[in-house]
Amino acid sequence: MLKTFPKGGVHPPETKLSANEAIQVLPIPDSVTIPIAQHIGAPSTPVVKKGDKILVGQLLAKSSGFVSANIHSSVSGTVQKIDNVPDSSGYKRQSVIIKVEGDDWDENIDRSKEVKDDISLSKEEIIKKIFDSGIVGLGGATFPSHVKLSIPKGKTAEILIINGVECEPYLTSDHRLMLERSEELIVGTKILMKALGVGKAIIGIENNKPDAIEKLNKVNDNSSISIEALKVQYPQGGEKQLIKALTNREVPSGGLPIDVGAVVHNVGTALAVYEAIQKNKPLFERIVTLTGKSVSKPANYLVRIGTPISAIIERSGGLPEDTGKVINGGPMMGKAVNFLDAPVTKGTSGITIMPDEESHRGIIKDCIRCARCTQVCPIGLEPYLLMTLTEKSLFERLEKNDVMDCIECGSCSYTCPSDRPLLDYIRLGKVTVSKIIRARRQQ
Amino acid sequence: MSTTVIFTIISLSAIGIIAATILYFVAQKFKVFEDPRIDDVEAVLPGANCGGCGFPGCRGFAEACVKAEELDKLFCPVGGNDCMASVASTLGKEAVMQEPMLAVLRCSGSHAVRPQTNKYDGAENCTIVSNLYAGETGCQFGCLGLGECVSVCNFDALAMDPVSGLPVVDAENCTACGACVEQCPRDLFELRPKGKKDRRIFVSCRNMDKGSAKKIGCEVACIGCQKCVKVCDFDAIVVTNFNAYIDPHKCKLCRKCVSVCPTNAIHEINFPERKIKAAKADEKAKAIKVTGVEKAGEKEVTAKTTNINKEAVVDSKIKEKVDNDTTSDKSKN
């Protein structure tokens, strides 16, 4: 029997429309908008000014703390301005706007296609280089990768897990990456193993991608890296679920994967690490899936960071007429895009276009106490209770009911027969409780 | 049978007497002294337990009043000066008179002037929307219109206007407890003095975008043009982040700023209608009504008169100014 996590989970229709579409390189747009905060943590500090000539891969904004990341230019050209520009949520964020002129790369970047698999750098040099290259978790959470690789004192990493699960419906960017960049991915995994000093790595892939599993098994020349097929179950891509599924270790409440000796990185991150270490290439482009039932050409693109979302949609045949919602990410965890010219950032794994009839919520009805939300919660929380406690502002009880352990996967809202906005309220509860906790710590 | 009844009564009474004696002595031993004046003070407080004073409920406030040496830093916004006077007389202290305050909404982006750009159909809660995205209109600072302020108001002083989509403050009922100020995720409520004869002037906008960007999202946004600052004789107006703020303590209610504001972002409440010079009025002037954001009882919001031609000229000048402003800002960056 295939492995999976034991508690909860749902299985929405997979709808991987673009699974057989090879990655295409999206043409460079006329101008790019690169936000200086594309990661979890402190926003970076811009180091360029208006009128500066920029090369591809040049540093635009410097990391401003340990939990922060460098931002590099994805194009060559002139800095037009540094201004507040709406991101996909519609809120204005400080961004560097660059007018594209040609495509001149920084000369230190190795643009050759050949795979380099000898790792010459030491452990510390690798982590330093990953930090310099501005690499963040490319699965969507955008947590700076060097932080995960710097193991705190008193903890030891035993196993590296590479997340190729891609449990989110519709999205296929990781799938295509595993198929087309398998050799590089394996080298990237080896680099991460060296950085962590671990002797074992597992690449976890859901069983709906048999071609990727086969390909990786074929190119894998290292006996300490194993490729494991997993039963299709959402949210298996959550790191706590994946650790449980692959190693049967449970991350304690409020803890981190390192507490059970595991470190999880996405396949996209592993590839970015390979490119940074072996090719000297900072993170300035990523693979983005453009998909949707009415989209004329669902596809996977290699996109420069800062390209407007509208440019990708245009490339795939334009916005379909029956569009109800454009989602940044997949349908389960993605957020609706409010401004179509918003830029692609390091965390944009896909753009899902939903037809009108599928993009509305049902009318909110009363809770019928069917406990389905409790049944599907992968953490074992009681979503109905958390929602009620938030509505009634009972934040102390909310904290006692472990609201902070919610991974916001949305399985509860997905499964609720009364269309209750469970996750909306739980998120609100989490924000409020974390404020209370922070205030308490400061005292 | 009868003996059983008698024994039951006797034994129960005995237990009762023993327990009562123990309880009496225990109560004497562990007696906590509480100032009887706390009860007296609590009796004269409104008993709304709204927390507007900053203490947990009316009893908390009463305790603070009894403990405090001076009453100058304590104020019950619900009871007002009368209530504080009786608190002071109960305690034999001196009451400090404070200006009566009122909550005002600093957004006038009604449906009519702030077009909807997208539709939200999630949970009806302003904070949730505000955490999620910029909102249903082109203004990321404006009212979200889901009425969280109405739901926290204990005094029935707020109601949503279905036409404008904005909350309306009922000046009669508002006690300035500050619940709405605290709740609004966009920070749109402000407690301001009620003003002489209930007259007040304030900028009804919190948008901090650059002027040109604001005009796209909302017709009545403060564009930070500085016109009001220049015309004000009392230095009462400051513009920060392209948004004007009128200091209520410096403002002398002269209304000069109201007439120069090119976007009608400055509201005047409870003023008599302006006299229009007859000759000019026939040809050029036209009365434009300010959107009904705030109503005091049955009184209509004062109509505002503006000279159309003058406004047009002002408008183009402002545009130039704004453009200049934005370019200078760009170079700063």
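I started with the strands: β3(A) and β5 (residues 59-62) of chain A pair in the antiparallel sense over two bridges. Helices (H or I, at least four residues) and strands (E, at least two) are DSSP runs numbered from the N terminus, and two strands pair if DSSP finds at least two bridges between them.

Ground rules: this is a predicted model, with pLDDT of at least 70 needed for local features and 80 or more for side-chain atom pairs, while totals for chains, interfaces and linings use all residues. Residues are numbered from 1 along each chain as its sequence is written, with chains lettered from A and ligands numbered from 1 in the order written.

I looked up Pro46(A) next; its bridge partner in β5(A) is Ala61(A). The open sheet runs β3-β5-β6 in chain A, three strands with antiparallel pairing. Its edge strands, β3 (45-46) and β6 (71-72) of chain A, each pair on one side only.

Then the helices. I found α4 (residues 182-196) and α7 (residues 267-279) of chain A packing at about 80°, axes 8 Å apart. Axes are lines fitted to C-alpha atoms, for helices over the stretch in contact, and angles run from 0 to 180 degrees between N-to-C directions. That makes α4(A) roughly perpendicular to α7(A) (65 to 115 degrees; under 35 is roughly parallel, over 145 roughly antiparallel, the rest oblique). Among the residues making the contact are Leu185(A) and Ile191(A) of α4(A), and Leu271(A) and Tyr274(A) of α7(A); contact means C-beta atoms, placed from the backbone, within 7 Å.

Last, the chain A–chain B contact: 18 residues from chain A, 14 from chain B. On the chain A side, α13(A) gives the largest share, five residues.

Technical notes. Two residues are in contact if their C-beta atoms, placed from the backbone, lie within 7 Å.
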